[in-house]
Amino acid sequence: MVTLTIQSADDIVGAYLQTLGFSADEAARSAPSLHRLLKLNETVGDDLVLHMDQLLAQKAADLFPDFSGSDKERTALIKTAYLRADGAARWGIDLWLKKKDKKMDETLKKSVLFGAPAMCLGAMEPQPIEVPHPTSFFLKKVRLLKRKS
Amino acid sequence: MTNKSLYLFNPKQLWARRISVFGLMLISTFLAGVKWTMSLPTDAALWLRILMIGLFILTFAWISLFFWSSLFGFIELLRHRHVPGIEWVPAHTPLTRRVALLMPVYNEAPGSVFAHLLAMAHELDKTGQASFFDIYVLSDTTKADVWVAEEALWLEAQKYMPDSIRLFFFFLPKNTARKSGNIEDFCRKWGSLYESMVVLDADSLMSASTIVTMAQLMEKNTHAGIIQAPPMMVNSRSLFSRVQQFAGKIYGPIVSAGLAFWQVGDSNYWGHNAIIRVKAFMDCCGLPVLPGKAPFGGMILSHDFVEAALIRRGGWSAWLLPELKGSYEECPPTLIDYAARDRRWCQGNMQHMKILISKKLHPISRIHFTIGIMSYLSSPIWLCFLVVGLAVALGREFFPPVYFSNVRTLFPTWPIFDKIGTISLLFLSLFMLIFPKFLGLFIAIGQERGRYRIRKAWYLTKSVCVEIILSALIAPVMMMFQSRFVFEIFTGHAVSWNAQQRDDQRTTFKTALHYHWGHTLLGIVTLAVVVLYVKPLFWWMLPITAGLILSIPISMLTSQAQIGVWAKRHHFFVIPEEVHIPEVIKKARRFAQILAPIAHQTFGVEAVVTRNDLNAAHILLLSVNGPAPAITHEQLQNAQLKLENYLNHHVPMNMTNEESVALLYHPEILERALILTKRAG
């Protein structure tokens with residue numbers, strides 16, 4: 001497994017923010033504030049990323065209650081919407097704030113992409129194709145003809 | 001649903017149409033057969049004569065079916081009649097049911113696929129009925145790079161999609177039943193959401209008015225299971241594809257009208273550019289695995305004919321509607337690509353021999369299967385006919401006729417050979433093959449409007465004449481290709497299903513030599529035999545021997561786009577759609593240009609671990625994908641090792657396809673790798 005070996009938590013948060021479209025400088029500036037805001041001191045490395053993903057998954061669950069994917073998929077859903085809406089430039093780290101930003105939520109809803117709609121399962125059974133032996137097929141036809149005549 | 005209540009058309013008239021076409025075919029074949037029997041040399045061995053008669057009857061029946069069907073098609077076109085039994089609706093009738101547009105793709109160039117879809121979406125948006133449509137790209141691509149490229153293009157295409165239509169992307173990692181499996185999978189998962197589905201091919205393009213009309217017809221004609229819009233070839237550049245495109249444009253309408261004339265509501269399905277009622281499809285068209293081994297058993301390859309037969313068996317009607325214009329496809333650019341496509345289709349059609357006699361099929365469905373089989377089997381039959389004919393001629397040369405046998409007679413036994421009868425039959429066959437082309441030309445000239453009509457008529461006429469010569473030269477090569485395919489299939493050689501070559505790529509001498517050296521050699525040997533022993537046949541055999549001997553230069557020259565462009569500049573093989581380009585084609589070209597910067601990039605795991613949007617989108621799309629294919633622990637370990645080397649030491653990844661797929665199914669690794677690349681950057 002590829003593991004995160006970066007030492008500073010701010011580094012990880014900064015890199016994480018860059019994956020959401022923040023520039024390197026902006027990410028470096030925003031990381032400590034987000035770090036403080038989310039009280040991320042106790043988590044490090046992979047757990048930190050997991051924690052941040054979970055926060056996004058929660059946000060996605062609020063915004064897209066009908067989406068039935070796993071937390072991982074919810075996170076990807078909101079990340080896609082955030083990136084498409086150029087969220088880093090528009091709202092910075094507001095995505096993690098507890099208070100509601102109606103405009104942001106609406107824009108994210110507009111920007112969201114789904115790979116497919118919710119499934120509506122139906123049956124499609126293989127149909128029988130009964131292939132008689134060629135000789136029996138032709139014999140039957142001959143018999144039919146005889147009977148008719 | 002019973003057959004009686006299927007659609008409103010007098011059954012007597014329906015069968016009168018069928019009896020006219022097949023009756024004329026049988027009568028003309030019978031008369032020609034009698035003439036042929038009387039014309040054969042009486043001194044040839046009896047078994048050879050019987051073989052010649054059998055082969056002639058099969059070949060002639062095939063030609064005359066095409067002839068009579070085209071003739072009736074011509075009359076239908078002159079009379080401007082709609083196909084009876086289907087109720088048409090006014091153009092602005094609002095839709096009430098949802099329709100899915102399905103684009104199954106398999107290792108195709110995604111740039112063109114998404115450009116076509118964007119063009120159709122924008123066209124639909126203008127109709128005001130776009131909200132009834134959803135577009136699905138159904139991928140069963142096996143190459144990891146192409147898979148990621150498809151996702152990147154899907155993401156890019158979203159920027160240009162009109163708000164009224166949604167564009168979905170679904171990747172099916174393990175698909176054993178190819179296109180039909182892909183569509184079945186869609187039906188099981190989302191089919192119930194839709195009334196009908198428009199099935200496209202990767203090179204399909206349809207105008208919005210045609211799509212909406214098909215959806216309206218589906219709503220109005222509740223008996224209809226399939227409505228097929230005959231596709232017309234466009235966007236050709238190489239000479240070969242331009243000739244095919246032109247032939248399709250000029251002769252296609254009378255062929256389609258002829259088929260529609262006798263098929264009516266029992267038509268066939270050609271696999272794409274058709275609308276299908278989802279319920280009918282789900283109820284009737286689940287394809288079984290045929291008993292026995294490939295090539296005749298196993299998965300059904302040419303699924304379209306079978307699906308049409310099954311839907312018809314289920315009590316739904318199937319329609320080919322030549323009235324539906326605005327349905328386009330592309331042609332393989334070279335003779336070799338065309339033959340490669342034929343190889344796949346040939347195996348699929350030969351497999352139908354087994355299904356042909358299966359129980360409860362409609363008689364017309366059996367005829368569809370027979371036509372499909374004969375379209376390939378006719379080549380070896382023609383070849384056998386030529387070989388036997390040559391053998392008879394050689395026999396006469398080496399074994400002179402015996403005028404006085406052991407039985408003492410007053411008069412010698414004169415061998416009778418009706419040369420004029422044979423030649424007249426040959427000319428009759430040629431007439432039946434070529435005359436429908438001139439009927440098509442007549443219709444095409446009649447459709448020309450505006451200024452310069454006479455000049456345009458001349459352009460069309462000279463193009464038809466050159467097309468006849470070119471197709472005559474190509475025909476023996478295709479005969480040899482198809483005969484080989486049939487032989488391979490009968491001897492148990494299955495074919496792997498590769499993606500079709502759609503881009504212009506000229507045939508090199510090396511490639512041409514590889515595929516055609518046998519044809520050339522056979523042509524030279526045949527010509528030598530004819531010149532040495534049966535000189536009178538020289539001119540008769542010349543079209544065949546010339547086609548074979550020249551197969552290498554023909555294959556190379558016709559593959560070139562420059563010659564195609566030259567021909568176009570000199571008004572050869574120009575179709576009206578190239579002069580007045582339909583809006584949907586214009587849009588598709590524009591979107592192809594817009595998407596080109598993305599489409600020409602190389603994608604793979606590297607793109608997923610460096611691009612934010614692609615990383616998120618890929619992980620999101622994994623949610624709807626089916627279960628991951630079987631990945632070995634070793635493959636995953638190797639892939640991780642290569643990824644770590646790439647991340648830490650910037651060593652190029654150089655992953656195998658399996659390793660890439662292994663990584664692409666691990667979202668945690670991909671997400672963390674993206675974070676690491678950002679940190680490193």
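The model is predicted, so local features need pLDDT of at least 70 and side-chain atom pairs count only at pLDDT 80 or more, while totals for chains, interfaces and linings use all residues. Residues are numbered from 1 along each chain as its sequence is written, and chains are lettered from A, with ligands numbered from 1, in the order in which they are written.

Let's start with chain A. Chain A has seven helices and zero strands; helices (H or I, at least four residues) and strands (E, at least two) are DSSP runs, numbered from the N terminus. Read from the N terminus on, its elements go α-α-α-α-α-α-α. Of the 149 residues in chain A, 31% are buried. Here a residue is buried if 20 or more other C-beta atoms lie within 10 Å of its own, exposed if 12 or fewer, and partly exposed in between, with C-beta atoms placed from the backbone. Now take the contacts in chain A between residues at least 6 apart in sequence: 52% of them join residues at least 24 apart. Two residues are in contact if their C-beta atoms, placed from the backbone, lie within 7 Å.

Next comes the core. The largest nonpolar core has 227 residues, and Leu102(B), Met103(B) and Tyr136(B) have the most contacts inside it. Such a core is a set of buried Ala, Val, Leu, Ile, Met, Phe, Trp, Tyr and Cys residues joined through C-beta atoms within 7 Å. Take Leu102(B): leaving aside neighbours within four places in sequence, its contacts include Tyr136(B), Leu138(B), Ile183(B) and Phe186(B).

Ten of its eleven residues are buried, so helix 9 of chain B is largely enclosed by the rest of the structure. Among the buried ones are His303(B), Asp304(B), Glu307(B) and Arg312(B). The cover over them includes helix 5, strand 6 (224-228), helix 8, strand 9 (317-320), helix 10 and helix 11 (363-398) of chain B. After helix 9 of chain B comes Gly315(B), with a positive phi near 95 degrees.

Ile63(B) sits in helix 2 of chain B, residues 46-79, and is buried, with 22 other C-beta atoms within 10 Å. Beyond its neighbours within four places in sequence, Ile63(B) is in contact with Ser429(B), Met432(B) and Leu433(B). Trp517(B), in helix 14 (residues 509-533) of chain B, counts as exposed because it has 12 C-beta neighbours inside 10 Å. From Trp517(B) to Leu548(B) is 31 residues in sequence and 9.3 Å in space, C-alpha to C-alpha.

Helix 2 and helix 7 (residues 239-263) of chain B have axes that come within 7 Å and cross at roughly 95 degrees; axes are lines fitted to C-alpha atoms, for helices over the stretch in contact, and angles run from 0 to 180 degrees between N-to-C directions. The two helices are therefore roughly perpendicular to each other (angles under 35 degrees count as roughly parallel, over 145 as roughly antiparallel, 65 to 115 as roughly perpendicular and the rest as oblique). Helix 2 of chain B brings residues including Phe72(B), Gly73(B) and Leu77(B) to this contact, and helix 7 of chain B brings residues including Pro253(B), Ala257(B) and Trp262(B).

Helix 12 (residues 419-447) and helix 13 (residues 453-490) of chain B have axes that come within 10 Å and cross at roughly 160 degrees, and are therefore roughly antiparallel to each other. Among the residues that meet are Ile434(B) and Leu441(B) of helix 12 of chain B, and Leu460(B) and Val464(B) of helix 13 of chain B.

Finally, the two chains touch. Their contact takes 48 residues from chain B and 40 residues from chain A. On the chain B side, helix 24 of chain B gives the largest share, nine residues. Helix 4 (residues 71-84) of chain A and helix 21 of chain B have axes that come within 8 Å and cross at roughly 145 degrees. Residues that meet there include Leu77(A) and Leu83(A) from helix 4 of chain A, and Ala616(B) and Leu620(B) from helix 21 of chain B.
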